[in-house]
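Biologist: I've got the sequence and the model open side by side. Let's go through the fold piece by piece, and tell me what the terms mean as you go.

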Amino acid sequence: MAVAARLLARLADVQSQKGTASLVLTGGRTGIAVLDHVRHHADRDAVDWSRVDLFWGDERFVPRDHAERNERQAREALLDHIPLDERRVHPMEPSDGRVGDDPEAAAAAYREVLAAAGRERGDTLFDICLLGVGEDGHVASLFPKSPAVREDQLTVVAVRDSPKPPPTRITLTLPAICRASEVWLMTWGIGKADAVAAALSGADELTLPATGARGRDRTLWFLDTAAASAISRG
């Protein structure tokens with residue numbers, strides 16, 4: 001997969017320039033497939049994984065060992081197979097975690113994590129933020145016309161009415177996502193084609209959240225032929 005190769009190359013490049021690299025992971029079939037390809041890529045060891053700070057763009061608010069938890073899926077696909085420094089791994093709290101079954105408290109806890117990262121890294125929190133794009137144009141757990149996508153101050157919020165199960169989630173907001181140097185939007189399949197075309201045509205971010213996910217230095221789209229098929233029509 002081309003995304004995996006490019007991700008490895010970019011992380012290694014950032015490390016050569018800065019010593020460390022910061023990466024936001026995304027869940028879903030697309031995000032986990034990328035991590036699986038990274039795990040099996042010949043250049044996997046070009047990155048010093050012990051000097052990569054890992055964050056998540058969103059999380060299903062379920063128990064730590066739940067099969068649908070993004071952290072668990074990421075660990076199974078890649079993280080359990082590379083030499084990480086666990087002090088640099090920053091998962092969102094699960095529903096059976098230290099703040100209990102309170103998604104607002106979990107969101108507040110992750111805001112503290114990002115605030116600490118900001119004190120160390122400055123206003124650009126992340127080097128790369130990976131995001132999948134849904135058929136409705138959602139990214140992370142920012143769904144069209146939802147309170148979360150309207151948030152313009154807080155970096156992390158709770159979502160209680162996600163249109164995709166499970167309904168309760170924790171998510172970065174657009175203000176946090178846009179503090180990444182590079183945002184990589186990844187999607188494939190004909191079902192995503194209209195959303196991709198609308199986002200690239202500048203649709204309103206409240207109705208198509210992917211439009212508002214922009215990197216400070218670069219915003220990259222990774223598409224297959226099917227997902228890109230409606231661009232020329234748009």
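Biologist: How do α1 and α2 lie relative to each other, roughly parallel or roughly perpendicular?

Modeller: This is a predicted model, where local features need pLDDT of at least 70 and side-chain atom pairs count only at pLDDT 80 or more, while totals for chains, interfaces and linings use all residues. Residues are numbered from 1 along each chain as its sequence is written, and side-chain values use heavy atoms, without hydrogens or water. The axes of α1 (residues 2-18) and α2 (residues 28-40) cross at roughly 65 degrees, and angles under 35 degrees count as roughly parallel, over 145 as roughly antiparallel, 65 to 115 as roughly perpendicular and the rest as oblique. So α1 and α2 are roughly perpendicular.

Biologist: How close do the axes of α1 and α2 come?

Modeller: Helices (H or I, at least four residues) and strands (E, at least two) are DSSP runs numbered from the N terminus. Axes are lines fitted to C-alpha atoms, for helices over the stretch in contact, with angles from 0 to 180 degrees between N-to-C directions. For α1 and α2, the axes come within 8 Å.

Biologist: Which strands stand at the edges of the open three-stranded sheet, and why?

Modeller: The sheet has the order β3-β6-β5 and its pairing is antiparallel; strands pair if DSSP finds at least two bridges between them. Each edge strand has a single partner, so one side of it is left without a neighbour in the sheet. Those strands are β3 (58-60) and β5 (156-159).

Biologist: What does the twist average from one strand to the next there?

Modeller: We're still on the open sheet ordered β3-β6-β5. From one strand to the next, its twist averages 15 degrees.

Biologist: Which residue of β6 is the bridge partner of Val 157?

Modeller: Four bridges join β5 to β6 (residues 169-172), and the two run antiparallel. Val 157 has its partner in β6, namely Thr 171.

Biologist: Which helix packs on that sheet?

Modeller: The helix touches β5 and β6, and its direction makes about 160 degrees with that of β5. It spans residues 103-121 and is α4.

Biologist: Is Asp 53 buried or exposed?

Modeller: Asp 53 sits in strand β2 (residues 52-56). Beyond its neighbours within four places in sequence, Asp 53 contacts Ala 21, Ser 22, Leu 23, Arg 88, His 90 and Arg 121. Buried means under 20% relative accessible area, exposed over 50%, and partly exposed in between (1.4 Å probe, protein chains only). At 10%, Asp 53 counts as buried.

Biologist: What about α3, which residues of it are buried?

Modeller: Six of the eight residues of α3 (residues 70-77) are buried, so the helix is largely enclosed by the rest of the structure. Those buried residues pack against β1 (21-25), α2, β2 and β3. They are Asn 70, Glu 71, Gln 73, Ala 74, Arg 75 and Ala 77.

Biologist: In β8, what is the bridge partner of Val 183?

Modeller: Start with β7 (residues 180-187), which is mostly covered, with eight of its eight residues buried. Six bridges join β4 to β7, running parallel, and Ile 128 stands opposite Glu 182 in β7. Another six link β7 in parallel to β8 (residues 218-223). There, Val 183 is partnered by Thr 219.

Biologist: What is the omega of the peptide bond from Pro 165 to Pro 166?

Modeller: Pro 166 lies in the loop between β5 and β6. The bond is cis, with omega near -10 degrees.

How values were computed
Contact means heavy atoms within 4.5 Å.
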